[in-house]
Amino acid sequence: MYQHRWKGAESVASGSWKKIAGADAPITTRGGPLEIELSIPLNGGGDSACRPTIDGEWAGKAQNLPQVATWHEGRMRTNFAPQMWNRVRVYYDIPAGDHTLGVECRTSSGSVSVGRAESTAVAITREYDQVKNKVFQKVSLAGTAIGVTDPMLKLAGSDLTFDSAGGDIEVAISLPIGTGGHAGCLPFMDGKPIPSEEQTYQNARWQAGLTSTYASWTMWHHSRLYKNISAGTHTFSIRCYNDSGTLDVSATDSASVLIVRELDNVADKVGQGHDAYGGAWKINNGIDSNWYDMTEYQTTLTVEHGNIEVQEFTSYYHVNGGAWFTCRPVINGSWLGTTGGEVFSSNEEEGVAHQQYSNGHHAMWSRRRVYTGFQPGDYEISMQCLSNGDNFWAGQYGQGTFTVRDVQLIGDV
């Protein structure tokens, strides 16, 4: 597992894919399936997208994957307000050896600013040995249009069937959705929400959370731990709902990704806090520049390898014009990065986002990052969220999750 972090903004004019200079980093692979996850602030332009590269070529080229479609890795509207580009996908057939990981981005009009001066952009790679750490992936290149619906409807071509060893799994979905009203998506297993020792999602609107998609596209990015899944043959799929107009769930030749991870929870410990669906807002009419403790997201973790991977997922609403929203992981109120010698010099450190379409609408915050420098032992980890504007809300719709994992990190560059 590698992580690359960089700061600074680079301007990308409309047109073809452009290399992001600050994103280059050395990695060494063994030839196994390589998962690459990006978390990059974007602002301006029109519709925009980013994609990972290996040695200057799109990471899917080694597998001879199609890349003719402009938005083959998804897209999101970035001209209205700042957004976070969050995308995860597994790439195959990358040769074993030393490589340069990189990023390319593009936009449909004007120019998009990739990165921010005070925010850390992140690229994470995880290579699976397919023995103790297994990964299964289905990429759909179809699109499904759905009208107003409460039960969730399936994205065409998203079925992923395999024989599971059982136990704990992490399931991620990463896909573009747009042009409906308010929408959200979840992974299903065997035609139903995945069973969980925590509150199980229901096949009903707002159980996954919601984001505004009126006349625009966004990337839906969700990842969560599910414990004690039964062994046997299971079929996973992507399901979505919509409350207005017609929602485009992906599009032809645009990749919608479903990933099921069977990870070694003996060598790499894991913990997850979650905010059950329903109840009151965790931040209600928040004031600007105040870090709010999201206590429902708290969890404990036994650290052995000195590194903590954090995945955040929560809803937010009504961030006003000119303002933005962000979250960060903490221990006893202190940002996790300080343990590894990093400096929290700006509230923009973890990137910033604003809901699509207008000030009075909804979105989901999602962010994955690895933090280093921890001594072996037990830690209680939680999440805080903030806006630099007044009159905002967070943490009600869907089940927010906060997943932390003790990981073996080869390099953090």
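A salt bridge here is a side-chain nitrogen of Lys or Arg within 4 Å of a carboxyl oxygen of Asp or Glu. By that rule, Arg5, Lys7, Glu342, Glu349, Glu350, Arg367, Arg369 and Asp412 are linked in a network of salt bridges. The structure holds 27 salt bridges.

This is a predicted model, in which local features need pLDDT of at least 70, side-chain atom pairs count only at pLDDT 80 or more, and totals for chains, interfaces and linings use all residues. Residues are numbered from 1 along each chain as its sequence is written, and side-chain values use heavy atoms, with hydrogens and water left out.

**Overall build**

The protein has zero helices and 35 strands. Its radius of gyration is 19 Å, close to the 22 Å that the globule rule gives for 413 residues, so the protein is as compact as a globular protein of that length. (The radius is taken over C-alpha atoms; the rule is 2.2 Å times the number of residues to the power 0.38.) The C-alpha trace spans about 50 × 45 × 45 Å along its principal axes.

Helices (H or I, at least four residues) and strands (E, at least two) are DSSP runs, numbered from the N terminus. Of the 413 residues, 60% count as buried. Buried means under 20% relative accessible area, exposed over 50%, and partly exposed in between, with a 1.4 Å probe and protein chains only. A contact means heavy atoms within 4.5 Å. Among contacts with a separation of 6 or more, 86% come from residues 24 or more positions apart.

**Salt bridges**

| Pair | N to O distance |
|---|---|
| Arginine 5 and glutamate 342 | 3.2 Å |
| Glutamate 57 and lysine 61 | 3.5 Å |
| Lysine 282 and aspartate 275 | 3.2 Å |

Arginine 5 sits in strand β1 (residues 2-7), and glutamate 342 in the loop between β30 (334-335) and β31 (362-372), so this pair ties together parts that are 337 residues apart in sequence. Arginine 5 is partly exposed at 25% relative accessible area. Glutamate 342 is buried at 18%.

Glutamate 57 is partly exposed at 39%. Lysine 61 is partly exposed too, at 41%. Aspartate 275 is buried, at 3%.

**A buried strand residue**

Valine 260 lies in strand β24 (residues 256-262). It counts as buried because its relative accessibility is 0%. Leaving aside residues up to four places away in sequence, valine 260 touches Lys134, Val135, Phe136, Leu160, Phe162, Ile169, Glu170, Val171 and Phe236.

**Pockets**

On a 1 Å grid over the protein atoms alone, a cavity is a set of points where a 1.4 Å probe fits but cannot get out; a pocket is an open set with protein on both sides within 12 Å along at least five of seven lines, and lining residues have an atom within 4 Å of a point. Points are joined across faces, edges and corners, and a volume is the space filled by probe spheres set on the points.

The largest pocket has a volume of about 480 Å³. Of its 22 lining residues, Met1, Arg30, Glu127, Asn133 and Gln408 are the closest to its centre. Strands β4 (25-29) and β12 (120-127) each give two or more residues to this lining.

The second largest pocket holds about 200 Å³ of space. Of its 16 lining residues, Leu65, Pro66, Arg89, Val139 and Leu141 are the closest to its centre. Here β9 (83-91) and β13 (134-140) give two or more residues to the lining.
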